[in-house]
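Visitor: Please show me the model. I would like to go through its pockets and then its sheet.

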Amino acid sequence: MSILKIYEFPDPALRKATEPVTVFNDDLRALAADMAATMFDAPGVGLAAPQIGKSIKMIVVDHSRQEEKPNAWLALVNPEIIAVEGLQCDTEGCLSVPDLTSKVDRYRKITARYQDLSGHPQEIIAEDRFAVVLQHEIDHLNGVLFLDHLSSLKRNLYLKKYKKWLRGQQS
Ligand code: NI
């Protein structure tokens, strides 16, 4: 397993359209394992393929709480939210958007349909924090960052801070 490079905002890789996965082979499974290793190393609780520069519909999420096993992870291929319920507002961050956390409005409970790493259709029901993670990661597959959910005021403040930080990096 190897740790992959995480692309950071404003890299265009994060905005690119993603292709559905149609081939379920060892390469895909190795990529998912590398993504999981990268996620835990960061550390984070979810990682989407565009964040490591792959424009395909695959995410990995921390599944240790659900399986009660440290470093357990789940890969969701071609995930799609098929039902939602309720609302919640909690703090989010993103491995591709360093140094920013903000409250984001999300559904409280979701049902998602996806394929596992063998291509078998699966369904998952997620609530609370885990539902936030899934919504956040599935957004990445549509080129959407949690920044996009913020008010324009907050977003502009962040962009200003970010540009200043970039200038500091270059000088
Ligand atoms: Ni993210």
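Visitor: What volume does the largest pocket have?
Guide: This is a predicted model. The lining of the largest pocket includes V45, D62 and F130. Its volume is about 250 Å³.

Visitor: How many charged residues are in the lining of the largest pocket?
Guide: The lining consists of V45, D62, S64, R65, Q66, E127, R129, F130 and V133. By class, three are nonpolar and two are polar. The charged ones number four.

Visitor: Which helices each supply at least two residues of that lining?
Guide: Among the lining residues are S64, R65, R129 and F130. Helix α2 spans 64–67, and helix α3 spans 128–141. The helices asked for are α2 and α3.

Visitor: Which element gives the most to the lining of the second largest pocket?
Guide: This pocket has a volume of about 210 Å³. It is lined by 15 residues, with V45, G46, G93, C94 and E137 nearest its centre. Both β3 and α3 supply at least two. The top contributor, with six residues, is α3.

Visitor: What is the strand order of the open sheet?
Guide: The sheet has five strands with antiparallel pairing. The order is β1-β2-β3-β4-β5.

Visitor: Which residue in β3 is the bridge partner of V61?
Guide: Strand β2 covers residues 58–62, and β3 covers residues 73–94. They pair in the antiparallel sense over five bridges. The partner of V61 is L74.

Visitor: What angle does helix α3 make with β3?
Guide: Helix α3 packs on the sheet and touches β1, β2, β3, β4 and β5. Its direction and that of β3 make about 120 degrees.

How values were computed:
Residues are numbered from 1 along each chain as its sequence is written. This is a predicted model: local features need pLDDT of at least 70, side-chain atom pairs count only at pLDDT 80 or more; totals for chains, interfaces and linings use all residues. Side-chain values use heavy atoms; hydrogens and water are left out. Two strands pair if DSSP finds at least two bridges between them. Helices (H or I, at least four residues) and strands (E, at least two) are DSSP runs, numbered from the N terminus. Contact means heavy atoms within 4.5 Å. Axes are lines fitted to C-alpha atoms, for helices over the stretch in contact, and angles run from 0 to 180 degrees between N-to-C directions. On a 1 Å grid over the protein atoms alone, a cavity is a set of points where a 1.4 Å probe fits but cannot get out, and a pocket is an open set with protein on both sides within 12 Å along at least five of seven lines; lining residues have an atom within 4 Å of a point. Grid points are joined across faces, edges and corners, and a volume is the space filled by probe spheres set on the points. Ala, Val, Leu, Ile, Met, Phe, Trp, Tyr, Cys and Pro count as nonpolar, Asp, Glu, Lys and Arg as charged, and the others, Gly among them, as polar.
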